[in-house]
Amino acid sequence: MMGSLLAITCTSIIIYRSQFQPPILSNAVRKELEISSNQIAFANDNSTNTNKLSRSKSSASVFQPNEICSIVSSTTHTGQESSFTATKLWSTHLPQIINASKNPHMPELLTPEQDAELHNLLTTILPPSRMRRSVVNLPTAAESQRGSVRNVMSILEKRIQDPGNNPPLRIAVFGGSVTIGRGCYGRGMSNHNCAWPKRYELLINQLAGQDLIKVYNLGVGGTGSSVGTNMVKYWMYPNEELKKAGPDVVINSYSTNDSMPPWDKRDDLDETQRNLPLLPPGKVHDMVTLVMDAARTSLQKFIRAALSSKQCDVPPLVVSVDDYVGPQQDSFLGDMSYNMAMVQLARWYDTTAISYGDLVRDLAWLENDGRFYNPEDVHYGHLAHQTIAWALGFASLELLSNYCDDEHLHRVSSSTTDASRGEGGSIHSDVKEKNHLYLPPQLTRDFMKSNASKEFSNALQSSQRSYVNLNCSSSTTTNANDVKDRNPCIASWISTPGGFRAGQIDAFMSAHSKESGVIVNGWKTENQMAEGWGNKVGYIANLPGATFTLQFTNVEKDINMVTLFYLRSYGEKWKDSLVKFNVSRKSDSDSDNGSDDVLSEVNIAGVSDDEHSLTLSQEITLSETIRKGETMKIKVELIGGTTFKIMGLMICNST
């Protein structure tokens, strides 16, 4: 998302004028916004200068003329570069921002009334002074994500200068039903064109007058960060571009589902339903802490997986978006539990964090402004989604301003210190400047200050070993056109909304069932999503004792991990739901009686203790690696209840 953030930066750059005007007083701004559009230099003008970058006239600049910081920086009468701010850029280009916020994919909203609503929101309700609330954390110049920010800047610069030979910035957004636009407009279970990821893409590209960014909405309803972690870790991307090169920016927006209280620990459940003992009368469990700890654990795994996903190459820019404003807990602190964990981790890992809740929480709850939230549901309407897109855009400008200031200082400092420093350097600097795999120790309750020095030293040594073992010193950084296959899986899919559709699931299961030679008994693809999340598209058992077997002959890669995505739901239909999941390597024996080598066997429950349907994941580590060229089998048998639903499958090498 930060990459997305940087993209608005570029869009502002394209329409930026070297004669930078200071912000105008609010009354004057309102008056100026009434000027007809033909008097405003919108980015989609047919002017020949639309896609040409204005250039700073400062001869003392440390930046090249085509670099973003050179383009946007204003100069003083002394010729020295001066800083710019997000507020100045946002205020100056407010007419263009309003115009670029119109969604051509939703013609029913292209009305004068909706235009007036957008204008009112940005000029009266959400001025820059309020937009700043949403920017929770931005990467600093001193830490590892600085290289990721620079990489994003470079991709955008190349795209602007030569779009025919340079792809747009690739942004992958992971999230649940909010991310895919459920409830955004209309009654559907999803609406990608209405959801904030699409609105963010439109905002950037319509401002720029060209496709600077490509946003891939990889959200799947009813999922949390644990599912997203596996998708990132195992390169579970939907198209060849992402499967080969991976995203330049990774956004986590699972805040709604990660904010959900652990319902099996509620104090209104009896002892047979609870994972925690009952407390004395008058005492209750601290849901604020429970949710914060659970969110920290799941989000931290996602962040570490994303930062490690490109090995020797520059890691993707990692962004956490808290898009949750809802009724899941009774207290405000409870609803802010995820936010607190997100802030801790963003500052620990030096990543980006944006909070929609911080931007509008008081408007939603204290002023009861229904444009920003739904008091009965976690899903909200199209104006809330547009506001999230604006928050990302404003944060883009904040990031750009910080980056340019820090990069300027870094370059000036380097020019005076490099000669005296020489070509050597400590292991610490070598790892952090050259090896992009450095990760600090995990932030847990067991990480004590008394042991901090040792833990940080171990983290650096681990990074150095990875740097050497992966031969990173001889690797060249992946450019945007790299086609090296980084996908560690021979098969990976997850069901819609957001993933495989019914026909694709049927084709996959049918092909590999036939390959096994074993007839499917009691399993089929279900597609009744209109009846609720419990009927989402998936492969479901509908008979006691239902079984199927999949076979993968002559596997193309070594395999040591299988991940099952499955639905955990509630009600009589799901009572006692339990499957046995068996992974084996086919025996070399030609005899029909030859037994296969069982490498893992686990039981997985599909019943939930509360009235929620969520997609969960179960990693199954094999006792031995199935080598390239060998044949593997997966057998699934329903051993409890009458139903179980499989939502996805990954067959991968975890190393």
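The model is predicted: local features need pLDDT of at least 70, side-chain atom pairs count only at pLDDT 80 or more, and totals for chains, interfaces and linings use all residues. Residues are numbered from 1 along each chain as its sequence is written, and side-chain values use heavy atoms, with hydrogens and water left out. The protein chain holds 20 helices and 18 strands; helices (H or I, at least four residues) and strands (E, at least two) are DSSP runs, numbered from the N terminus.

**Overall composition**

- Of the 655 residues of the protein chain, 54% are buried; buried means under 20% relative accessible area, exposed over 50%, and partly exposed in between (1.4 Å probe, protein chains only).
- The accessible surface of the protein chain is about 28,500 Å², and 48% of this surface belongs to carbon and sulfur atoms. Such areas come from the Shrake-Rupley method with a 1.4 Å probe; for residues, only the protein chains shown count as cover.
- Among contacts between residues at least 6 apart in sequence, 80% join residues at least 24 apart; contact means heavy atoms within 4.5 Å.

**Nonpolar cores**

- The largest nonpolar core comprises 68 residues, and those with the most contacts inside it are Trp90, Ile213 and Trp390. A nonpolar core is a set of buried Ala, Val, Leu, Ile, Met, Phe, Trp, Tyr and Cys residues joined through side-chain atoms within 4.5 Å.
- Helix 17 (residues 382–421) supplies the largest share of this core, with 14 residues.
- Another core, of 43 residues, lies apart from it and includes Trp235, Ala306, Ala341 and Met342.
- In soluble globular proteins, nonpolar side chains tend to be buried together.

**Helix 10 and its packing against helix 13**

- Helix 10 (residues 225–233) and helix 13 (residues 287–307) have axes that come within 9 Å and cross at roughly 10 degrees. Axes are lines fitted to C-alpha atoms, for helices over the stretch in contact, and angles run from 0 to 180 degrees between N-to-C directions.
- The two helices, helix 10 and helix 13, are therefore roughly parallel to each other; angles under 35 degrees count as roughly parallel, over 145 as roughly antiparallel, 65 to 115 as roughly perpendicular and the rest as oblique.
- On the helix 10 side, the contact is made by Ser225, Gly228, Thr229, Val232 and Lys233, and on the helix 13 side by Ser298, Leu299, Lys301, Phe302, Ala305 and Ala306.
- These contact residues divide into five nonpolar, four polar and two charged. Here Ala, Val, Leu, Ile, Met, Phe, Trp, Tyr, Cys and Pro count as nonpolar, Asp, Glu, Lys and Arg as charged, and the others, Gly among them, as polar.
- Seven of the nine residues of helix 10 are buried, so this helix is largely enclosed by the rest of the structure. The buried residues are Ser225, Val227, Gly228, Thr229, Asn230, Met231 and Val232.
- Just after helix 10, Trp235 takes a positive phi of about 50 degrees.

**Buried residues**

- Glu201, in helix 9 (residues 196–208), is buried at a relative accessible area of 7%. Leaving aside neighbours within four places in sequence, Glu201 is in contact with Ile213, Lys214 and Val215.
- Gly175 belongs to strand 4 (residues 169–175) and is buried, with a relative accessible area of 0%. Beyond neighbours within four places in sequence, Gly175 is in contact with Gly219, Val220, Thr223, Ser253 and Tyr254.
- The C-alpha atoms of Gly175 and Thr256 are separated by 8.7 Å, while the two residues are 81 residues apart along the chain.
- Thr643 lies in the loop between strand 17 (632–640) and strand 18 (644–652) and is buried at 3% relative accessibility. Leaving aside neighbours within four places in sequence, Thr643 is in contact with Ile540, Ala541, Lys573, Trp574, Ser577 and Leu638.

**Exposed loop residues with positive phi**

- Asn368 has a positive phi of about 55 degrees although it is not a glycine. Asn368 sits in the loop between helix 16 (356–365) and helix 17 and counts as exposed at 54% relative accessibility.
- Not counting residues up to four places away in sequence, Asn368 touches Leu363 and Tyr373.
- Asp576, also not a glycine, has a positive phi of about 65 degrees. Asp576 is placed in the loop between strand 13 (559–568) and strand 14 (578–585) and is exposed, with a relative accessible area of 51%.
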